[in-house]
Amino acid sequence: MNPFLGFIKKEIYHILRDRRSLLILLGMPIVQILLFGFAITNEIKNVEVAILDYSKDATTLEIINKISASPYFSINQLMMHEADIESVFQKGKVKAVISFEKDFGKNLIKDRHATVQIITDATDPNTANTISNYINSMVQSYLNEHNKTLTPTYQIIPQTRMVYNPELKSVYMFVPGVMTVILMLISAMMTSISITKEKELGTMEVLLVSPLKPLQVIAGKVVPYIFLSVFNAVIIIILGIFVFKMPIQGSLLLLGLESVLFIITSLTLGILISTISASQQTAMMASLMGLMLPTILLSGFIFPISSMPVILQVISNIIPAKWFIIIIKGILLKGVGISFIWKETLILIGMTLFFIAISVKKYKIRLE
Amino acid sequence: MGITLDNISKSYNGIKALENISFEVNDGELFGLIGPDGAGKTTVFRILTTLLIADEGNANVAGLDVVADYKTIRQSVGYMPGKFSLYQDLTVEENLKFFATIFGTTIAENYDLIKEIYVQIEPFKTRRAGKLSGGMKQKLALCCALIHKPKILFLDEPTTGVDPVSRKEFWEMLKRLQQKGITILVSTPYMDEAALCDRIALIQNGKILQIDTPDAIVKQYPKTIFCVNANNKYQLIEALKTYGHQHSVYPFGEFVHYTDQRNIFDVEDLKAFLKSQNLSKITIEQVQPTIEDTFMELAR
Amino acid sequence: MFGDFTAVNAITFDVKQGEIFGFLGANGAGKTTAMKMLIGILRPTHGHALVAGFDVYKQPESIKRNIGYMSQKFALYNDLTVTENVAFFGGIYGLSKALIKTKTKMLLDELGLENVANTLVGSLPLGWKQKLAFSVALLHEPKIVFLDEPTGGVDPITRRQFWEMIYKSANQGTTIFVTTHYMDEAEYCDRISIMVNGKIEALDTPEMLKRQFNVATINEVFLKLARG
């Protein structure tokens, strides 16, 4: 048998026989997707609100019914006193209090002006914002429906439509993100650990004093993980489509090719880490701290890059994941072709070549 | 041919691991590099197997320079580094097959070379290497180093930590391999194994103390050694140390090896002294020096 | 017994106070398991044993407090200095600060380590580390000291210096229980036992064993026993 193939065969044995790692490698993507999909969500559903209605007329009743009927809210209680607001929030269940002034309906007709107060629990500012916006628009739409002759005296609330993600479904955000993180984890961390393991065990010495060329050693380590990563990418996308009904607007072929590119980028990063790590532990730490964390925080996966301080925005440019997320979101959600993402693709290719060059330079053919 | 080292020096972090090491291993010789941990044995091996570059000096393996011709050397020597370096999660057979494959050969091709050794572990061929005993790992590692029929074999501490029975068997195997024309460089911290080599180099703290055949080295021991025994070994040692004429006092198994500063002296005098120190059952006999005695004397 | 595997099979012996007892056997013979039972970190499946007067089943913690232990795999913290190591182990065994101070000085004097008192142990030569580890094991003046392959790898002179420390300690009444795979070191012991496959196949003084098997060294006794 060809020496190179013999080496790959050994690598496959190692991977298959390390049951624990295998479990994590194959199970992790599934667990992550399911977690993100079902448990972590930015959407609001059945948010509990309390009503403080000083007016209690037909107008307020209609508005209250509208709120109650929507899937976003459920009425927790009808309050009597303003003083109770604080304790209601403290109990924790109610996220917003809607308070109608006395004679709300009459004032609306007589003065063309009525006040409704929306008090939200802003300990989670994102949700609070969303809640108040929703309530606001509900009140507005009531007005529009019932009193077309009245000109509203509030400021114009812009009609927003969330383009490409009208329901702001978070699955569109996290599937690309999870995929990026998993691919980077498997490719970079597992590769670097695999190479440093040989160093630690002393078998690297024997491999060096053999006809195997260093390039064959690296390639042999990398090939099985390419297959594993591709497999994981496929699983993630399948889960996204069938469990979370994520649509794929763009070409699957392009998606596949770009994914393989990113996998290779991550693998070369793994090789680079292994050239500077003497032990598996170092490799793992370097992968986690140097790759995972920046990838999760600065790639735009969870936190939008544009909201970050400028210095971090600049730094985010050197994180391969950032470019891949742009690419993958483009293909999945916007259905763009290569003509729109060629710039990012080129950047990824450039990064890969750069990492390969450094790894080759730093790869030690001796023990020092 | 064979192996040569010429004024090899190597330092790490300011510590001199090897200082002006020179010796030669002839074709077909079984040569032992004898010394304790930290003497520099592994460094010598790594330089010869092209894994490290010496700071000074030259070395040749089979006529090839270890720095310039490293690629050719790596393809043709057999190397067994310390602690065996086997793949723990591969079976005996898989390990052997792997090493055969990366050297571009098969187990069948050179089987006759390893047969005697392999048959002893063949019953366990489907067992994972990690689950083998020390002696079996040793045999497997040797087979893996031999499978591509190298002309020169480098074995770095192959018997360390292995039980005495396996150690004895291992050396018997080495002797038989030598008869097949393979040049073997072995390192070991066990002084008794030195006697089994054709020639040895004693090494301590990065310096060579002596190079010669085991017999010749022992013959060069400068003093006469006396085996002394008494009823209480601890008190015997302490007493001998206070004797005043002692050159060396070392426990050696059930006896104490004593050498005197004087070239000739009266044994009865010593006996009387010891008696005066409240020791009894005193015996003093002359003995032949061993490699260990010689090593310790050279290392002082 | 571990599941189906009997690691140690009905071994019986006793060690007198102040004796140097050598516990020999190949790897896998059961030495380590037997030792772990005696130092209170492994419970025997059957039988009984007393160490320093304490029962291994009921009083393992008392055993631990009254014995010293040193193994080749680990003895001291490489990233602490000599003084820090002594202080640490002294503290574990409940020695007062004053006592630790006195003992540290004694120890440094005896071993000639005054100049390296504040050097990291990791940068000391192996032989110094071993002697230091032994002294640390004796810090709390235990009645029994267990040494697990204590002299691995060092040069012959340092090994003998180490054994001279053992002799001195035994002479002062400490019982020493040592395992080693250097057969010549077996001869330094008062009595030795040789384990083969979980059983004790030999137990006597070195001289008696050599006479019994009609050989000149313990190494040969071992070979005869192992080969059957």
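Tutor: Two residues are in contact if their C-beta atoms, placed from the backbone, lie within 7 Å. The model is predicted, so local features need pLDDT of at least 70 and side-chain atom pairs count only at pLDDT 80 or more, while totals for chains, interfaces and linings use all residues. Residues are numbered from 1 along each chain as its sequence is written, and chains are lettered from A and ligands numbered from 1 in the order in which they are written.

Student: How many residues of chain A are in contact with chain B?
Tutor: By that cut-off, 21 residues of chain A are in contact with 22 residues of chain B. Helix H1 (3-17) and helix H8 (203-208) of chain A each give two or more residues to this side, and H1(A) gives the most, with seven. Helices here are DSSP runs of H or I with at least four residues, strands are runs of E with at least two, and both are numbered from the N terminus.

Student: What is found where chain B touches chain C?
Tutor: There, 23 residues of chain B are in contact with 28 residues of chain C. H11(B) supplies the largest share of the chain B side, four residues. That side divides into twelve nonpolar, five polar and six charged residues.

Student: Why are H10(A) and H11(A) called oblique to each other?
Tutor: The axes of helix H10 (residues 252-276) and helix H11 (residues 280-298) of chain A come within 9 Å and cross at roughly 130 degrees. Angles under 35 degrees count as roughly parallel, over 145 as roughly antiparallel, 65 to 115 as roughly perpendicular and the rest as oblique. H10(A) and H11(A) are therefore oblique. Their contact is made by A:Leu269, A:Ile273 and A:Ser274 of H10(A) and A:Ala283, A:Ala286, A:Ser287 and A:Leu291 of H11(A). These residues divide into five nonpolar, two polar and no charged.

Student: Why is C:Ala49 called partly exposed?
Tutor: A residue is buried if 20 or more other C-beta atoms lie within 10 Å of its own, exposed if 12 or fewer, and partly exposed in between. C:Ala49 has 18 such atoms, and is therefore partly exposed. C:Ala49 lies in the loop between helix H1 (31-38) and strand E2 (50-51) of chain C. Leaving aside neighbours within four places in sequence, C:Ala49 is in contact with C:Met37, C:Leu38, C:Pro44 and C:Val56.

Student: What makes strand E3 of chain B mostly covered?
Tutor: Five of the five residues of E3(B) (residues 30-34) are buried. B:Leu30, B:Gly32 and B:Ile34 cover one side, and B:Phe31 and B:Leu33 the other.

Student: How do you know that E3(B) pairs with strand E8 of chain B?
Tutor: Two strands pair if DSSP finds at least two bridges between them. E3(B) and E8(B) (residues 183-188) have five bridges, in the parallel sense, and B:Gly32 has B:Val186 as its bridge partner in E8(B). E3(B) also pairs in the parallel sense with strand E9 (residues 199-204) of chain B, over four bridges.

Note on methods. Axes are lines fitted to C-alpha atoms, for helices over the stretch in contact, and angles run from 0 to 180 degrees between N-to-C directions. Ala, Val, Leu, Ile, Met, Phe, Trp, Tyr, Cys and Pro count as nonpolar, Asp, Glu, Lys and Arg as charged, and the others, Gly among them, as polar.
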